Amino acid sequence: MGSPSGPPPSQLKLLERLVQELSGELEQARAISSAAASQLRSLPSDNPSADVVNPGPTTPQPGRIILDDSDRVRYVSSTFWSHIDHELDTLRADTLGYENDETEGAFEGAQSRSKSSSFTAEADRASLDRHGFLLKQCLSYGSHDGSELFPLASQIPFLLEVYAERVHSIIALPHMPSLKKLLQHHRSARTESSSPGDEALLFSVFYAAICSLDEDEVTASFNVSKNELALKYRIGLEHALAKADFLSNPTDIVIQAFVIFLALARRHDSPKYMWMMTGLIVRMAYYLGLHHDGAGSRHLTPFQVEMQRRVWWDICVLDMRATEDQGTEPAIPHGSYSTRLPSNINDADLWPDMEHSPMEHQGPTGVTLFRLCSRITRHTQEMMATGASVSVEHQNRRLNDLRQDLEREYFTSADRSQDHAYLAAMGFMRIALERLTIMAFSPVLWSSTVEKLSVETRTKLLVAAIGLMEHNHALNSDASCQPWRWVFQTQQHWHAIVYLLLEVSRRSWSSTIERAWLALQSPWLVPARASNDKNFTVLVPVKRLLARARKHRQHELFRLRNDLDDAAKIEREDQQQIPRPTSSTTFPAYFEDEAFRKRWQQLVLPVAATTMGAFSGTSSTASNGYDTANLEVNPCSSAHVDGAQETAPLPHDDQLPCTATSNGGAHFSASEPWQGPSVDVIDSSSLDTYLGMDTEVDFMNDVDLLNFDWNSWFESAKGTL
């Protein structure tokens with residue numbers, strides 16, 4: 001056969017034009033760089049921001065979805081490589097007819113020789129060995145067959161049911177019909193025919209299901225400890241990820257397995273580990289082009305587009321949580337992606353071979369909780385991006401708009417007050433909105449101008465902090481919300497804790513302030529952490545502030561017991577000027593407003609009092625209907641401490657009053673001591689326990705904590721709380 005005559009002249013002209021375009025872009029980039037350097041030199045030397053050039057909002061760079069040599073989808077963001085890939089696609093199609101067997105054989109031979117010459121000892125290492133340093137359990141397990149780590153066939157349906165209820169509703173991964181099909185294939189063919197990526201996905205599901213259960217549930221179902229079973233499936237997952245060579249060859253299935261693992265690992269691994277691994281998965285997502293919406297791509301099906309949207313927003317949630325834990329800038333800044341929010345559809349509406357995107361549903365679906373998390377994450381990204389450049393009033397208006405949008409979209413379609421998922425979603429949304437409210441005021445909240453905040457604003461933040469902590473307590477202790485407790489037990493609320501301690505230390509002790517104090521005693525307030533992962537020095541200011549708040553409470557209660565007229569005035573103003581926290585409407589059985597008021601009255605009334613005349617001024621029966629003759633009043637005495645008159649501690653007066661509810665949880669009552677939630681507190685602790693209040697601290701005794709530089713403290717405490 002004759003030799004090929006080469007590409008036609010038209011293609012040569014295309015390549016010449018490509019070189020000219022890229023040369024022009026290079027010159028333009030150099031000009032921009034030169035202009036920026038000139039701008040820096042022109043700034044006065046005494047300008048504190050002279051070394052910073054504001055690049056403006058981040059926007060997604062032009063790029064392209066392509067297929068690599070193995071026909072796997074990947075993303076190319078560079079203008080150069082995007083142009084090159086486009087032109088090579090055209091050349092490949094146009095010159096196909098000029099290729100012959102001899103040319104192909106010569107090319108393949110040269111390619112083979114090139115690959116052989118590049119082999120080194122490092123490249124010859126198995127992927128299991130190369131990734132062992134990154135995956136902690138990988139090397140300890142070795143290279144045995146992963147089938148021995150697989151659960152029994154009789155256990156798989158239970159694990160799948162647990163995963164679908166507790167985890168899939170939060171992260172919407174993987175596609176459940178496809179997962180069930182994969183399990184059927186696995187049962188019939190065993191692991192020998194499963195790809196490492198599929199094996200990793202299965203182990204991630206098993207691991208997540210176990211991590212979402214409590215210790216007693218695992219022991220009752222599997223007759224083995226939770227730690228032992230979770231470690232077994234984690235070893236299988238890490239072994240499968242290493243075999244899949246997940247760093248060098250990321251795929252959609254592998255990244256889904258990695259996302260599922262990280263979503264649950266944060267409950268047990270250190271925040272630093274999670275932060276590092278989240279950075280890794282963000283890189284994988286960028287490599288696969290998940291930051292650009294795939295709608296309209298000729299390389300992606302509607303099924304792939306939707307699943308990639310879910311993966312991307314799961315990664316955004318992980319990134320935001322890691323950012324909050326470590327106090328760093330997000331790896332995924334607002335405006336750096338174009339990926340849309342996941343569609344409001346059920347898994348049954350999707351299948352791999354579909355040709356057109358399904359219609360979205362109106363009202364709740366199987367991804368309602370996931371979409372709620374995604375929307376709140378997007379709003380948090382926007383708030384962090386704007387920072388102090390937007391006024392607090394503007395942030396507040398946007399938060400109100402978001403609150404109305406979320407309630408209209410997710411919570412007004414029907415009366416679903418008895419739906420457990422509905423209750424969990426409502427509580428989660430209100431925790432997130434209260435946190436965003438406090439975040440919106442952060443630029444001025446911890447600055448030296450905090451005293452200049454209006455009383456109305458301080459009260460708004462007080463109520464938001466109380467609502468946040470009470471929602472957190474109810475969601476963790478209520479039996480109906482138990483399937484999602486693994487989510488709530490990984491959340492940090494230090495800004496709300498510090499603000500609430502500051503407010504209760506400077507206000508008169510009304511029933512709302514007593515309610516705030518009780519919220520600070522919740523055993524679910526702080527996620528548990530290993531003692532070697534805490535910086536006790538950093539915690540000293542909070543420890544001192546808690547002790548100051550406790551002392552202020554004792555002084556105030558003693559003062560009010562000796563001045564019932566002032567106590568009545570404080571309570572009237574409290575009822576008229578301070579709104580009730582939203583937790584009173586989300587969980588009315590837990591947080592009864594009158595029960596808190598009754599408890600406060602018991603604390604303030606003197607032991608000898610048998611009527612409420614000092615409060616009502618007219619009768620021996622309180623206006624709230626309680627017969628004060630039958631009120632339990634805790635006995636108290638006064639003592640002089642350091643020259644100041646102070647009330648001796650009351651029995652149980654630092655504890656949450658509680659009685660059991662019909663759903664297995666516990667609610668606040670006026671007179672009964674805190675009995676604890678219906679399940680053991682395993683992954684959380686009270687503030688006293690976390691701070692170690694029994695440990696004496698011999699410094700910072702003379703620091704004015706109300707005027708302490710808490711902004712600098714939060715900066716220094718990043719990554720250690």
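View 1. α15 (368-386), α17 (420-440) and α20 (485-488) each put at least two residues into the lining of the largest cavity; helices here are DSSP runs (H or I, at least four residues), numbered from the N terminus. This is a predicted model, where local features need pLDDT of at least 70, side-chain atom pairs count only at pLDDT 80 or more, and totals for chains, interfaces and linings use all residues. Residues are numbered from 1 along each chain as its sequence is written, and side-chain values use heavy atoms, with hydrogens and water left out. The volume of the largest cavity is about 50 Å³, taken as the space filled by probe spheres set on grid points joined across faces, edges and corners. A cavity is a set of points on a 1 Å grid over the protein atoms alone where a 1.4 Å probe fits but cannot get out, and lining residues have an atom within 4 Å of a point. I170, L369, C373, A424, F428, W484, V487 and F488 line the largest cavity. By class that makes eight nonpolar, no polar and no charged residues (Ala, Val, Leu, Ile, Met, Phe, Trp, Tyr, Cys and Pro count as nonpolar, Asp, Glu, Lys and Arg as charged, and the others, Gly among them, as polar).

**View 2. F206 and Y233 make a tilted aromatic pair.** Rings of Phe, Tyr and Trp (its six-membered ring) pair if their centres lie within 6.5 Å; planes under 30 degrees apart count as stacked, over 60 as edge-to-face and the rest as tilted. By this rule the count is 14 aromatic pairs. For F206 and Y233, it's 5.8 Å centre to centre, with 50 degrees between the planes. F206 belongs to helix α9 (residues 196-211) and Y233 to helix α11 (residues 226-243), 27 residues apart. F206 counts as buried because its relative accessibility is 1% (buried means under 20% relative accessible area, exposed over 50%, partly exposed in between, with a 1.4 Å probe and protein chains only). Y233 is buried too, at 0%.

**View 3. Y207 pairs with F261.** This tilted pair has 5.6 Å centre to centre and 50 degrees between the planes. Y207 lies in helix α9 and F261 in helix α12 (residues 252-265), so the pair ties together parts 54 residues apart in sequence.

How values were computed. On a 1 Å grid over the protein atoms alone, a cavity is a set of points where a 1.4 Å probe fits but cannot get out, and a pocket is an open set with protein on both sides within 12 Å along at least five of seven lines; lining residues have an atom within 4 Å of a point.
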